[in-house]
Amino acid sequence: MMQIGPFRSILFKNVEDSARTTTSEAPIFFVDLNLDQVIDAITAGKQEYDLRPFYHTPLHELDAVAYRHEVMRDLEDKALYEMIASFGRKMRDMRERLAQADKLHYKYQKESWFLSAVEVYCDCVSRLAEDLSQADLKSRGFLALRAFVADYVASARFTTLVAETQKLKADLATVRYCILIKGNAVSVRKHAGESDYSADVERTFAKFKQGAARDYTVRLPMWLEMNHVEAQVLDMVARLYPDIFARLDEYCARHHNYLDETIGVFDREVQFYVAYLEYAALFKRAGLNFCYPQVTADDKAVYDDDGYDLALARKLIGEQKPVIRNDFYLQGQERIIVVSGPNQGGKTTFARAFGQLHYLASLGCPVPGREARLYLFDQFFTHFEQAENLQNLHGKLEDDLVRIHEILAQATPHSIIIMNEIFTSTTLQDAISLGKKVMEQISARDLLCVCVTFLDELAALDEKTVSMVSTVAPDDPTVRTFKIVRRPPDGLSYALSIAEKHGLTYRQLREPGGGA
Amino acid sequence: MNAFLMYRDRDFDLKRKLPWNAPALTQDLGLETLFNAMARDDKFLLEVARVAVLSGVNDDLATVLYRQAVLKDCLRHADLVKSMYDLTVETIDSERKIFWGIFGRHPDTILHRAVDVLEMFVGTLTKLRKFADQYADDFASEGFKAFFAMLKRELDDAYFAAIQTHLRELQFRSGILISAELGEGNKGAHYMLCRPEGKKPHWLKLAFGAKPPVYTFYIADRDESGARALSELKERGLNQVANALAQSADHILGFFTMLRTELAFYIGCTNLHEQLRQMGAPVAFPLPAALNERKLSCAELYDVGLALIVGRRVVGNAVAADDRTLAIITGANQGGKSTFLRSIGLAQLMMQCGMFAPAESFSANMCDALLTHYRREEDANMNSGKLDEELGRMRAIVDHLTPNALLLLNESFAATNEREGSEIARQIVSALVERGIKIFFVTHLYTLARGFYDQRRAHAIFLAAERRADGERTFRIIEGEPRQTSYGEDLYARIFAHDADGNGR
């Protein structure tokens with residue numbers, strides 16, 4: 001049996017981590033990897049929870065990752081997920097009711113909204129306790145939460161709150177009154193058993209009834225506020241039922257601080273998982289896989305089967321287009337994937353997917369793919385081609401070199417780096433020689449790296465490099481497959497097949513009528 | 001309350017789904033002519049005729065007999081039925097003209113309009129009741145008897161009095177009394193209008209000697225927002241009753257609409273009857289036989305569409321084809337084969353919807369689908385695309401076959417050569433006949449016709465367009481062995497007569 005400490009956080013094994021490290025600012029490589037889009041999509045509609053800091057903060061400890069994997073796996077159980085989602089909805093409902101109470105002016109109205117917020121809270125927490133007691137839990141996080149919530153709902157503090165709330169609600173529900181409007185006079189008294197006149201009318205004409213009727217009920221505006229006529233009526237109702245309304249006043253004064261702090265924190269933090277699973281479900285419905293990667297801190301033989309770029313996949317799913325998946329693996333000495341091949345063939349997408357996989361793994365989340373082993377980095381660097389920066393007075397090539405120098409200065413053997421089309425603003429000879437130099441440095445530091453390049457020469461630098469190539473359809477070379485496969489660069493045959501399609505190969509041109 | 005003049009126990013649904021092949025039937029049998037004759041330029045009558053005739057294949061034998069009886073009453077008392085129909089039309093028109101008011105939809109305007117409409121409806125209902133009192137005994141059919149009995153039973157004097165009381169009380173002379181409970185945010189909820197108290201002791205003075213507490217406040221004259229709030233409160237109180245009343249008005253309107261719709265069918269039949277009688281064309285109430293029987297016998301059966309177009313009585317045919325499931329019709333071009341085929345289909349449809357048949361006598365078994373496979377003339381080229389199209393339509397027909405379907409084939413499978421066409425047709429026809437499908441097949445495919453003829457099957461009958469020895473056509477269809485030629489040479493001879501003379505020299 002696992003040792004379970006007192007419950008502090010569903011997100012952090014050590015609660016100190018949370019305060020220390022979370023940041024609302026996105027890491028600089030977010031835009032390059034389209035992770036900004038990914039996180040936007042995940043957190044959409046959940047602004048009130050302020051989840052971004054959690055998504056902006058990678059974990060650096062294997063056990064911290066495991067802690068989240070456990071919780072996330074528990075939540076993959078549909079029943080538990082629905083319980084937690086429902087808990088979240090109710091807590092949101094509660095907050096909305098409090099906000100409503102705050103906005104309104106008439107006392108009895110504010111008090112009623114406050115009462116209903118507490119009622120929702122009581123129901124929501126009791127339900128959570130019951131749900132958790134029946135759930136099949138394995139994670140340290142949820143097991144500790146279960147113990148905490150069980151204690152809390154059994155406490156006198158909570159049980160009194162529940163009892164008083166229910167009593168007051170029930171009493172208010174007994175209130176029934178009549179209003180007589182005649183001219184400008186409005187009289188209010190208790191209801192004395194008068195019957196429903198509309199039903200009378202309906203009964204009279206029932207014999208003509210056939211099938212469903214058109215609804216003539218006018219949608220009268222339902223203001224949450226009261227106008228002064230309603231308020232006057234309510235004041236008179238309060239005078240008709242003085243005892244109930246006096247208790248309402250007293251209740252509101254006494255239960256001002258009803259919300260438990262730990263429950264409040266859990267409500268926010270658990271949304272990290274809910275949001276992610278909701279997001280992942282979108283892809284699973286489209287037939288794409290998510291898996292729990294084996295996260296390592298010492299083994300750089302990373303791999304992923306059937307991976308994909310989340311931002312692009314989401315767009316394609318929206319357009320009902322197929323999503324191309326790609327595999328990669330590194331083994332033994334291999335550290336650097338060099339991706340070359342035709343443009344628009346999915347090279348950058350592949351590099352982004354590689355980056356996204358590692359980043360999401362560092363958050364303790366499942367990742368795109370059927371099976372994966374991923375490396376827990378200390379730092380993550382990207383170098384993507386950027387528009388020329390006119391401010392710093394450097395040329396583009398110089399910018400490239402400055403940036404790469406910075407990266408290499410900061411990188412440790414535990415870092416990951418992704419480079420996309422570097423040194424495009426110089427001669428081919430320069431690009432090749434600079435490229436080789438940079439690659440040698442990366443190789444020397446034993447960095448994990450993906451390098452997208454049009455330079456075939458970089459593909460076979462040393463035993464650490466692996467060449468992968470974007471491919472075209474065998475029968476029509478103008479059609480990209482967006483498949484990136486592990487093989488030596490074959491730019492030439494690609495060019496030839498395009499020529500063949502246009503009838504411009506040697507053989508074609510020499511044939512009778514071929515044009516030459 | 002229901003009229004139940006089309007069915008013994010249910011309403012006639014004008015929105016009912018028509019058979020899938022309704023457009024093909026309409027085109028192949030020339031149904032528009034029939035509908036127009038029934039409608040006499042009335043769009044509504046046209047719609048009812050269309051739906052009733054086309055959906056007849058879904059009705060059963062009992063329904064046919066039920067409608068025949070009602071229709072006989074209608075033909076006997078054409079004026080009475082017409083005046084009842086006119087009354088429903090007027091009432092429905094008047095309802096449409098009652099103004100909704102210019103202030104948009106509010107519960108009180110809805111309520112007032114509903115009161116106005118109901119007052120007008122009560123007038124019509126009273127007339128209908130009187131109509132029932134006066135004429136019920138003159139009608140013999142089960143449908144009309146039940147209808148009049150229903151009017152007398154449901155619309156008695158006490159009922160009219162109850163309605164009047166409501167309409168008076170809904171003026172709210174002694175104020176509007178609303179009950180409510182506390183809803184979300186302690187706002188009033190479940191507003192419910194309570195019955196006005198009239199002349200009973202005022203509730204202030206009720207109870208056990210002690211006055212129950214009552215608190216009253218007044219909206220000041222210049223408090224405009226207060227006045228608005230007050231009328232909003234009233235609207236909440238009136239919303240349900242306005243809805244109930246407006247729905248009641250709609251239901252009664254629905255009753256009139258249904259009555260109008262069902263009468264409209266018989267008005268259409270009466271219209272057609274009158275036109276046929278004027279041209280001296282015979283009509284007879286058909287004798288329907290059960291679905292699983294195979295009956296067809298008739299005398300002077302004519303194409304009602306053709307008669308309506310030419311405006312006079314046309315040649316009719318007698319057929320005795322009881323217990324036959326396959327009729328193959330061959331013979332002279334322009335000899336009346338297609339007309340005959342059409343008359344079979346039309347009479348079947350008219351019978352199935354409860355109408356009279358255009359014949360001196362007509363008897364046939366009911367069918368549960370009427371299907372037509374006609375050559376589509378617009379693209380009559382002989383090519384494989386055409387045969388492909390034809391077979392595609394045949395496939396659709398086979399997909400929709402029911403056990404007791406009647407299938408009319410007109411020059412089908414002629415889009416290929418005679419041998420292939422015959423073979424395709426033979427395979428299809430044999431298979432369907434074995435399934436019990438009743439088929440009338442007009443064809444030039446001699447190989448096909450001869451093949452079936454030589455088998456001497458008891459279930460088949462062979463008909464041909466009559467041609468006298470001198471080549472003259474009578475447009476009659478008589479029983480006869482398939483012949484090698486369709487007498488196209490007659491036509492050729494006629495058309496090329498003068499040329500031939502000239503060339504002969």
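Reader: How do you know what span is expected for helix α5 (residues 78–97) of chain B?

Author: The expected span is 1.5 Å times one less than the number of residues. Helix α5 of chain B has 20 residues, so 28 Å is expected. From first C-alpha to last, α5(B) reaches 29 Å, close to that value. A helix here is a DSSP run of H or I, at least four residues; a strand is a run of E, at least two; both are numbered from the N terminus. This is a predicted model: local features need pLDDT of at least 70, side-chain atom pairs count only at pLDDT 80 or more, and totals for chains, interfaces and linings use all residues. Residues are numbered from 1 along each chain as its sequence is written, with chains lettered from A and ligands numbered from 1 in the order in which they are written.

Reader: Which residues of α5(B) are called buried, and what puts them on the same side?

Author: Buried means 20 or more other C-beta atoms within 10 Å of the residue's own; exposed means 12 or fewer; partly exposed lies in between; C-beta atoms are placed from the backbone. Val81(B), Met84(B), Tyr85(B), Thr88(B), Thr91(B) and Glu95(B) are buried. They cover an arc of only 120° around the axis, so they share one side of α5(B). The arc is that of the directions from the helix axis to the C-beta atoms. On the other side, Asp79(B) and Lys97(B) are among the exposed residues.

Reader: What makes β1(A) and β1(B) a pair?

Author: Two strands pair if DSSP finds at least two bridges between them. Six bridges join β1 (residues 176–182) of chain A to β1(B), and the strands run antiparallel. Arg176(A) stands opposite Glu181(B).
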